[in-house]
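Please take a moment to look at the sequence and the structure before reading on. The paragraphs that follow go through a few parts of the chain in turn.

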Amino acid sequence: MQKKYLPLILMLLAGNFIYAQNGKKTTKPDTALQKSDTTQIKKHELNEVVISASRISESILRSPVSIEKISSADFRRSAAPSFFDALENVKGVQLITPSLGFRIINTRGFANTTNVRFTQLVDGVDNQAPHIGAPIGNALGPSDLDIESVEIIPGTASALYGLNAINGLANFITKDPFTSQGISIQQKTGVNHVGDKETSAKVFSETSFRIAKALSKKFAFKLNGTYTTGYDWIADNMNDLNATANAKLGIPGGPDNPGYDPTNGYGNESSDRKTITLGGKQYSVARTGYAEKDVTSYDLHNVKIDVGLAYKINDNTRINYTYRFADLDNIYQRANRFRLSGYILQQHAIEVKNNIYQVRGYWTSENTGKSYNLRSAGENIDRNYKDDNTWYADFTKGFNSATTAGATVQQALQQARQLADAGRYQPGTAAFNNVLNKLSDINNWDIGAALRVKDDLLHVEGQVNISNAISPTFQKETGLDLLAGFDHRTYIIHPDGNYFINYVPGKAYSNIDYSKTGGFVQVAKELFDNELKLSATLRADRNDYFDLKLNPRFTAVYSPVVEQNFRVSFQSGYRFPSIFEAFSNVNSGGVKRIGGLRVVSNGIFENSYLRTSIDAFQAAVKNDFNAGLTTDAAIEKEKGLLKKNQYTYLQPEHINSFEAGYKSILFDGQLSVDADFYYNKYNNFIGQVEINVPNTTKPDSIPYYLNDKNKQGRYRAWTNSRSTVYNIGGSLGLSYKLFQNYVLTGNVSYAKLQRTANEDALEDGFNTPQWITNVAFGGNHVIGNFGFNASYKWQSGFYWQSFLVNGNVNAYGTIDGQANYDFVKTGLNLKVGATNLTNKYYNSFLGGPAIGGFYYTTLTLNIK
């Protein structure tokens, strides 16, 4: 069966199942729920609730927006090695893999390796790394032993959460120590890099424990710990990003190109290249640089600990305290790739809640430890051996000597590099390791590579169920649900002098505060004997640097019968810039990366030119020179290619989103159907633009300055795209229960960038497959204590756009499988599984690692 037919087959199956049901009439929703005479399966489906969609408990069938709930039973059945990995098979979810220890959740397009548009919560607490503005996978999240369920909203959730959740939200719900007591121990052992040309097979190990106990009717605690070791996936894409640099001189891209810039090579980027004259011709020549595997360790370590304390003040009110700690060593990626080493996150959270109100506060601290930038390491190892001016002089000398001796141009270029690189630090030697260690501790990317960031996130929020506060019977008597909430968040940046500085004169190292305050009100009303439920939400948010922003949400759910539910919604959302987008101040190879707030980049935007136009201008001047013109004549001829920068200071991103959906259960609960369609409009995408400022204001001199790298300041600045972007999509999910114990599931998701108005090529890449399909079959305890699951995932190819690399990601399909057995008397479960069973290596995005097969066993012991 060809892969391209999978989406069509799933849709036809859904149509046939729904047609067969033919609108079977049963009972009215909610009020008659207890009277329904159905099977236990159907009762479970009807009574399943979620809390994330409306911030109150409600039937998942009547959720006003698309929401996916994945239970602990679903995770046990999955062939994925962890609950987080299992999210890849959820309808509408795209996971990308920058590292074995770092995976990114995204929904509905515009994915990237630092997905600041998707919010990830643990029991309602944001677990982002503050300076990144997004979580590092599940580094600070729960373990497999403590996860109860996950709720995912695949679409904007800003009206209720206001946490930059314009693409979606996931809430990881952990186990309650009052109701889930006992001791659990889990040992996961795996192997990856089987058949990898870069390295031998490597062992993966993850040891976890959970202890939970109610010491009295009022007090309970839980303690979780996880220790993970392994060897990360390797990024070894050596395709030339500068392939056309010398094409008009008859030199193609690749290792023989003197301007060679491999994707996962560092030290040969644009800031490490010059145009030099050799034998009367101008060539683009780059420093040699190093492969990623030369400048990093792929050893993976992650320690996670969390403590939870719960106290019941009375029957309705409880107080919870949680402490989370994570220490990780792995590879992290944004515009560049980083080696995280001794990277520490800590979080304290406390909440008080009952059926009327809840108040929550938390503090997250981040310390990047001894982490470093791989690109800066590569280029500064080269410069530590020999500065650029000396190296290019030696290169020129070597070329001239070789051509004088009768060498061809290609031979002369090779000999020139050999001469310039003589005595260069060689990977794996003591000298190389010493200089790498030295540079990784220098907190200046012009001469070192260290990432030394310390910051904090302080957050407080509360909400009140106004209906319950008025009267316990108010909602039942009036059909009205009234809810209100507020939140305040402050980021505290501790300037390090490289990544962040305070721009107030005389306070370069004083802390920077960056705050936001918001609140919402929500009204919901049931009409026509509870068949129709309408809701309206209005949220207001204000940031220190931006005016008040309003996010409305309007929803309607129509339920002619309990099992059939139709929904429509409209909502808008804003995303305020993260602290890196707002305040960054990084020097790297002569290029300064700056935040987009006026306080940071004042005066830069007004006097700059687009680097894309400067590159085109310089290339044209070089080609004209090689064709016989003088440099001055070529500059005058081509200066019309230069384009003045039209971008300006940062504003928040904005989305308007329309959604319609259908959710039902059929055949007495055996079949579940969930379908949705959405249409989004985005404005003011936050992205980076490369702009250069000539060191002159004389109009006639500007083109001459912009043809010389030494006569211009180079910047990479955060700003807003001028485009208005529209994307559409939808998804369909089916789940069919056979013979009580078997489950057949399938889903298909479609996402398409429909059109772009005022296109300026600055908007973030859509970076999303048009089609993603998943099919799985299996069950728990299908034959006695034996269970199994087999799944197949396929996604279409797509175009990846980022500052590191642009290009096509190939389509791929993977087979996962697991078999497990419960030794009931001992409380032991054995699970043997594999992901990417056929071990066909693939890339989930460009610039990241190649992903092969992962084969594992998991032993879980539960002691009550």
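A residue is called buried when its relative accessible area is under 20%, as found with a 1.4 Å probe. With that cut-off in hand, and keeping in mind that this is a predicted model, we can turn to helix 14, whose buried residues are R611, S613, I614, F617, Q618, A620, V621, K622, D624 and N626. Helix 14 covers residues 611-626, which makes 16 residues, and from its first C-alpha to its last it reaches 22 Å, close to the 22 Å expected at 1.5 Å a residue. After helix 14 comes G628, a residue whose phi is positive, near 120°.

Next comes a sheet of five strands, which is open, has the order 29-30-35-34-31 and shows mixed pairing. Its edge strands are strand 29 (585-588) and strand 31 (609-610), each of which pairs on one side only. Strand 31 is joined by two bridges to strand 34 (residues 686-694), and these two strands run antiparallel; within strand 34, I691 is the bridge partner of L610.

The last stop is S78, which lies in the loop between helix 3 (72-77) and helix 4 (83-86). Is S78 buried or exposed? Because its relative accessibility is 11%, and buried means under 20%, S78 counts as buried. If its neighbours within four places in sequence are left aside, S78 is in contact with A86, Q818 and K831. Although S78 and D816 are 738 residues apart in sequence, they are 8.8 Å apart in space, C-alpha to C-alpha.

How values were computed: Residues are numbered from 1 along each chain as its sequence is written. This is a predicted model: local features need pLDDT of at least 70, side-chain atom pairs count only at pLDDT 80 or more; totals for chains, interfaces and linings use all residues. Side-chain values use heavy atoms; hydrogens and water are left out. Helices (H or I, at least four residues) and strands (E, at least two) are DSSP runs, numbered from the N terminus. Buried means under 20% relative accessible area, exposed over 50%, partly exposed in between (1.4 Å probe, protein chains only). Contact means heavy atoms within 4.5 Å. The expected span of a helix is 1.5 Å times one less than its number of residues. Two strands pair if DSSP finds at least two bridges between them.
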